[in-house]
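Here's a short tour for anyone meeting this structure for the first time. Have a look at the model, then read on.

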Amino acid sequence: MEMPLKLTVNGQPRRTYAPADALLIDVLRDRLGLTGAKYGCGMGECGACTVLLDGAAVYACLVLAVEAQDAEITTIEGLARNGTLDSVQEAFAAGGGVQCGFCTPGMILSARALLDANPHADEADIRRALSGNLCRCTGYDKIVKAVLAAKG
Ligand code: FES
Ligand code: FES
């Protein structure tokens, strides 16, 4: 049995239907067509599904969609403003922080949440904040350097 859902995603009200136990990652991807957040482990281990709830990075595979109804949800699709990439997106592109790209939306959103909370984050802060986002490709150094570059 499906129930109506009223979500706010990337500043827009979105209405859909889903089972009461539907996960946020599945609603975003399968009901709303927002496929930037990836489904990896499904167990809170890889961070590929990371989105922002009221500015905080969360694993969308561990959140029920119904629990997110009162929050402002930001996915990677909503990070650019008026056609201008977020500074973290710019820095990842410029600094080679992207290889296969599977981890990239989650990495960027975790980094954005960190820099919003702590604009003076240092390398240790960045590595700690990104420790829940796994990357099979980059070795992390270019990602960390990109986040350092993004804070200006
Ligand atoms: S898919 Fe959510 S943490 Fe891996
Ligand atoms: S760029 Fe491939 S998993 Fe990170």
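Two strands count as paired if DSSP finds at least two bridges between them. Helices (H or I, at least four residues) and strands (E, at least two) are DSSP runs, numbered from the N terminus.

## Ground rules

This is a predicted model, where local features need pLDDT of at least 70 and side-chain atom pairs count only at pLDDT 80 or more, while totals for chains, interfaces and linings use all residues. Residues are numbered from 1 along each chain as its sequence is written, and chains are lettered from A and ligands numbered from 1 in the order in which they are written.

## The hairpin and its sheet

Let's start with strand 3 (50-53) and strand 4 (56-59). They make a hairpin with two residues between them, and Asp 54 in the turn has a positive phi of about 50 degrees. The two strands run antiparallel and share four bridges; Leu 53, for one, has Ala 56 in strand 4 as its bridge partner.

Zoom out and you'll find an open sheet of five strands, ordered 2-1-5-3-4, with mixed pairing. Strand 2 (12-19) and strand 4 sit at the edges with a single partner strand each, so one side of each has no neighbour in the sheet. On average, neighbouring strands are turned by 45 degrees against each other, direction ignored (axes are lines fitted to C-alpha atoms, for helices over the stretch in contact, and angles run from 0 to 180 degrees between N-to-C directions). Helix 3 packs on this sheet, touching strand 3 and strand 4, and its direction makes about 35 degrees with that of strand 3. Elsewhere in the sheet, strand 1 and strand 2 are antiparallel and joined by eight bridges.

The chain splits into domain 1 (2-77) and domain 2 (87-150), with bounds from an automatic or database domain assignment. Their centres, taken over C-alpha atoms, are 21 Å apart.

How many residues of domain 1 are in contact with domain 2? There are 14, and they meet twelve residues of domain 2; contact means that C-beta atoms, placed from the backbone, lie within 7 Å. Strand 3 gives the most to the domain 1 side, with three residues.

## Ala 60 and its neighbours

Leaving out residues up to four places away in sequence, Ala 60 touches Leu 23, Leu 24, Ile 25, Leu 28, Ala 37, Cys 49 and Val 51.

Definitions and conventions:
Two residues are in contact if their C-beta atoms, placed from the backbone, lie within 7 Å.
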